[in-house]
Amino acid sequence: MHLRSVELREIRLPLLRPFRISSGVVAERRISLLRLEHADGPHMWAECVAGEAPNYSPETVETAWHALTAWFIPRALAGPLPEPAQAGALLTHSIRGHRMARAAIEMGIWALSAALDGVPLAQRLGGTRTTIDVGISLGIRETPESLAADASAAKAAGYRRIKLKIAPGADIAFVAAVRDRLGPDFALTVDANAAYRPQDSPTLQALDDYDLLMIEQPFDPGDLVRHAALQRAIRTSVCLDESVTSVARASDMITLGSGRIVNIKAGRVGGITEATAIHDLCLANDIPVWCGGMLESGIGRAYNVALASLPGFTLPGDVSPSARYWERDVVTPEWVMTDDGRMRVPLDRPGLGVDVDEDRIDDLTVRMEKLVAS
Ligand code: OSB
Ligand code: MG
C-alpha cells in the first residue's frame, strides 16, 4: 500500500456541556483529523486524541501536530507501507514517545486497509461482538446533589455503567450521594486522573464502602509500585489508564499487582496493534479490560467501537453516543445507544462503518496542512 498524501486538519467542536476532570476543564474540543489518501485514490479519516492541554498526557494538539507533520507523516509517505500490524513499528523506529500522534496515522492505516479489502474494521481486528455495552463518564460537578441528578438521568437513559470523575475534595460525599441515588447494585466506578498522592490512601480506602467496580488511576502514571501498595490495601479493584502506555507497562502492572483492570485507549498506547496486544495479554491473564474514551468525534468513536468488539472487552466502555457530546456529529449515521445501553457494531459496512460528513468538516476546519509523497 502506498499513500499519495496525508492531510491534517484541526476542527473545533463545542461540547454540549463543559467536561471537568481533576486537572482541567474543556468546553470546546480542538480535534485533529487525518485524511489519508491512497495512491489509487480512496481515502480514510482518522482522529488524534491529544488534548488541548497537557493535563492528561504530555501530548497536546500542538505537540501532536508537530510530531505528525515533522516525523510521522513524512515517514508514512516515504515509501510503500507494510501490513497494518507492522505500520506502528515502521513509524516509531527511533522516535520516542508521541504515541497519540503516532496512533492517529497507524489507526488510519488499519482502517484504510480494511476498507480497501471490503472488510469492517471490527472484523479486521478480530472483533466478536455485534453490540458493545455503553458506559458514561460524568465530569466533576459543583455539588453532590447535581452529580446525583446527572447519574440518575444517565441510569434512566439506559447506560450500563456510570463513571464519576473525582478529585481530592470532590470524592466521598459525591460518591455517597450517587450511590444512594442509584441503589446498591448499579455498576459505578470513579476516575481520579492521577489527582491523589500515596498519603491520600485513607480517602481511597474509604471508597471501599461504596461497592465501586473500580478506582481508575488514583496516582501519578509512573507510580506503579505505589499503585501496587494501594491495591494490596483496598478491596476495590484499581484500574490503570494513564499508566498503561504500552504492552510492557501492562505486563509490569500484572507483575507488580498495581491493578486488576485496564482501560485501553488505542491513542494512548500508540495505535491499534499495541492496543490489541494489551488486550491479548490481559485476556491471557484474566484481567478484564474496557475501552476508554477521549471525547472523540464520531470518527475516533468508530475506532473505539471496533476495538471494543474484541472478546476481552468484558466491561462497558466510555463509548457514549454522539448526542451525549455534540449538537451534531461529523459522521452519519450518528452513533446511537439503545434504551438498554448498547451500541451496534457496524458489521454490515467496510472500514469505519459510518460516512464522514466532509462538508461539515470543511465548515469546522480552522487549520489544515497537506503533505504529498514526492
Ligand atoms: O481519563 O478517561 C479519562 C476524557 C478526557 C481525558 C481523560 C479521560 C476522559 C474521559 C472521557 O473520561 C470519556 C469519554 O470520552 O466519554
Ligand atoms: Mg481515565
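**Exercise 1.** How are the donor residues of the magnesium ion (ligand 2) spaced in sequence?

*Solution.* Let's start with the ground rules. This is a predicted model, in which local features need pLDDT of at least 70, side-chain atom pairs count only at pLDDT 80 or more, and totals for chains, interfaces and linings use all residues. Residues are numbered from 1 along each chain as its sequence is written, and side-chain values use heavy atoms, with hydrogens and water left out.

Step 1: find the donors (N, O and S atoms within 2.8 Å of the metal, or 3.2 Å for Na, K and Ca; water is not among the atoms, so sites may look incomplete). Asp-191 (OD), Glu-216 (OE) and Asp-241 (OD) coordinate the magnesium ion at 2.1 to 2.3 Å.

Step 2: read off the spacing, which is D-x24-E-x24-D.

**Exercise 2.** Decide whether Glu-216 and Asp-241 are buried or exposed.

*Solution.* Step 1: recall that buried means under 20% relative accessible area, exposed over 50%, and partly exposed in between (1.4 Å probe, protein chains only).

Step 2: apply it. Glu-216 is buried because its relative accessibility is 0%. Asp-241 is also at 0%, so Asp-241 counts as buried.

**Exercise 3.** Find which atoms of the protein make polar contacts with oxygen atoms of ligand 1.

*Solution.* Step 1: a polar contact is a pair of N or O atoms within 3.5 Å; within protein, one must be able to donate a hydrogen and the other to accept it, and residues adjacent in sequence count only if both atoms are side-chain atoms.

Step 2: check the side chains. An N or O atom of the Tyr-325 side chain lies 2.6 Å from a ligand 1 oxygen, and one in the Asn-193 side chain lies 2.8 Å from a ligand 1 oxygen.

Step 3: check the backbone. A polar backbone atom of Met-294 is 3.3 Å from an oxygen of ligand 1.

Note on methods: Chains lettered and ligands numbered in written order.
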